[in-house]
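Please keep the sequence and the coordinates in view while reading.

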Amino acid sequence: MITVVLPSQLRELTGGVGSVALEDGGATVGQALQALRARHPAVYDRVCTEGREVRPHVNVFVDREDIRWSGGLETPVAEGSEVVILPSVSGG
Amino acid sequence: MPDAPKGIQGNAGDIVLMVGTTKGAFLFRDDGSGSGWTQDGPHFPGEEVYAMALDQRGGGRRLWAAPGSAFFGTTLRRSDDLGASWSGKDERPVRFSEDAGLSVARIWQIMPGRANEPERMYLGVEPTCLFESGDGGDSWAAVQGFLAHEHREKWTPGNGGLCMHTILPDPGSRERILVAFSTGGVYRTDDGGASWRPRNVGVRAEYQPDKYPEFGQCVHKVVHHPDRPERLFLQNHWGLYRSDDWGEHWQDIANGVPSDFGFAMAIHPREPDTVYIVPLESDGFRCTPEGRLRVYRTRDAGASWHPLTEGLPQEDALETVLRDGMDTADTGGGGVYFGTRSGKVYASADGGDSWALVRDGLPPVVCVKAEVLA
């Protein structure tokens, strides 16, 4: 099972639920996000663009590692992995 | 965080101002009693709101807004109770198809369609594209003829992004729509969106080696009056123009303005030859010239322009009014309204002859829309 932890800004799209357990979350972050999409399409729309890329000011971590430096959407996830989604520190 | 907004309780005849800022949206209402404007907001605190609209076709009062998060993208929200409640964030995703290779960065314009097509609506988005809904906004799709235009790869973003900011459906023809975007210029379809041709003859592109290209102009705003839709007025990135033939040809009408650079443009609700602009000094210094906040008005379709200053600061006023920062409403006397990047909103109840401050201290204003409640 893979757990996806959502930021507070997106929890209104899940009825207040802050983490989503995915029994079949796939083997990569990209597959995990697609599994998340099947459960919560609106959350996916806010995290990823139409081109299936993570939005530029959203950060995704697998077991505390930023996927930018670990293979992007191809970053492996394993049984028990925690995928954390957070907004970046950008903004004005 | 500010208190949650409650919406505005409006009656027929009330004037409603929709003010979008970089940090949320605000609603103002004047009920004509002389007690001034009431304020409600911020709606969507922390999110930019570049586009708002009030659609009163079919006897309804549907408020639209496009709040955008710097992190999680833009949504389209609607309210049927004048802002007391809004549809959910996930209700109206406006997205390109996954094979389009594009991603909606911002919604710049929400345009209800023709009066006799109450279910038709349009959106102008960045990167530039026209979206259309035929079911009152329940579903949206990019207009394929525009999306797949052969010029697309040559359209380039201006400072504000590659934004479609102007959508003008012909009230007399379901087949004709004119759009404008920066940079690319003016395009028009006469076949319901299947094909689009640039209509920029006579419009200058100051920043290109060829000053009069077929397309590539940085048009900032185009307006027209529904009673004379073929007559268009255009505020360019350097240049003021008029067309009397739906954009086939444009003529320079920068007669008596301190600068022909600017963004905002609005047309009088009852006088098709009366237009308002706020000239800015230059593209290098995008502020009101001489530190004077002056709206310029023409009442003769651009043959002459005259400054309107009563009630507006004429010293130390280095202001900027952006492309959707000004609007008019059919109040009887001629309501004109604008907002500045410094967070001020001004209103005129007499066609621009005099002005009063509605509100100071807002976040930077990027959108002002005005309507009289039916």
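Of the 374 residues in chain B, 53% count as buried, a residue being buried if 20 or more other C-beta atoms, placed from the backbone, lie within 10 Å of its own, exposed if 12 or fewer do, and partly exposed in between. The model is predicted: local features need pLDDT of at least 70 and side-chain atom pairs count only at pLDDT 80 or more, whereas totals for chains, interfaces and linings use all residues. Residues are numbered from 1 along each chain as its sequence is written, and chains are lettered from A and ligands numbered from 1 in the order in which they are written.

Chain B contains one helix and 28 strands; these are DSSP runs numbered from the N terminus, helices being H or I with at least four residues and strands E with at least two. The radius of gyration of chain B, 19 Å, is close to the 21 Å that the globule rule gives for 374 residues, so the chain is as compact as a globular protein of that length. That radius is taken over C-alpha atoms, and the rule is 2.2 Å times the number of residues to the power 0.38. Along the principal axes, the C-alpha atoms of chain B fill a box of roughly 50 × 45 × 40 Å.

One open sheet of chain B has four strands in the order β3-β2-β1-β28, with antiparallel pairing; two strands pair if DSSP finds at least two bridges between them. At its edges stand β3 (37-43) and β28 (365-372) of chain B, each with a single partner strand, so one side of each is left without a neighbour in the sheet. Seven bridges connect the antiparallel strands β1 (residues 15-21) and β28 of chain B, and M18(B) has K369(B) as its bridge partner in β28(B).

Elsewhere in chain B, strand β13 (residues 177-182) runs antiparallel to β14(B), joined to it by five bridges, and a hairpin of two residues links β13(B) to β14(B). R188(B) in β14(B) stands opposite L178(B), and its bridge partner in β15(B) is R197(B). Two bridges join β14(B) to the antiparallel β15 (residues 197-198) of chain B. Four of the five residues of β14 (residues 185-189) of chain B are buried, so this strand is largely enclosed by the rest of the structure.

Finally, the contact between the chains takes 14 residues from chain B and 18 residues from chain A, two residues being in contact if their C-beta atoms, placed from the backbone, lie within 7 Å. On the side of chain B that touches chain A, seven residues are nonpolar, three polar and four charged. Here Ala, Val, Leu, Ile, Met, Phe, Trp, Tyr, Cys and Pro count as nonpolar, Asp, Glu, Lys and Arg as charged, and the others, Gly among them, as polar.
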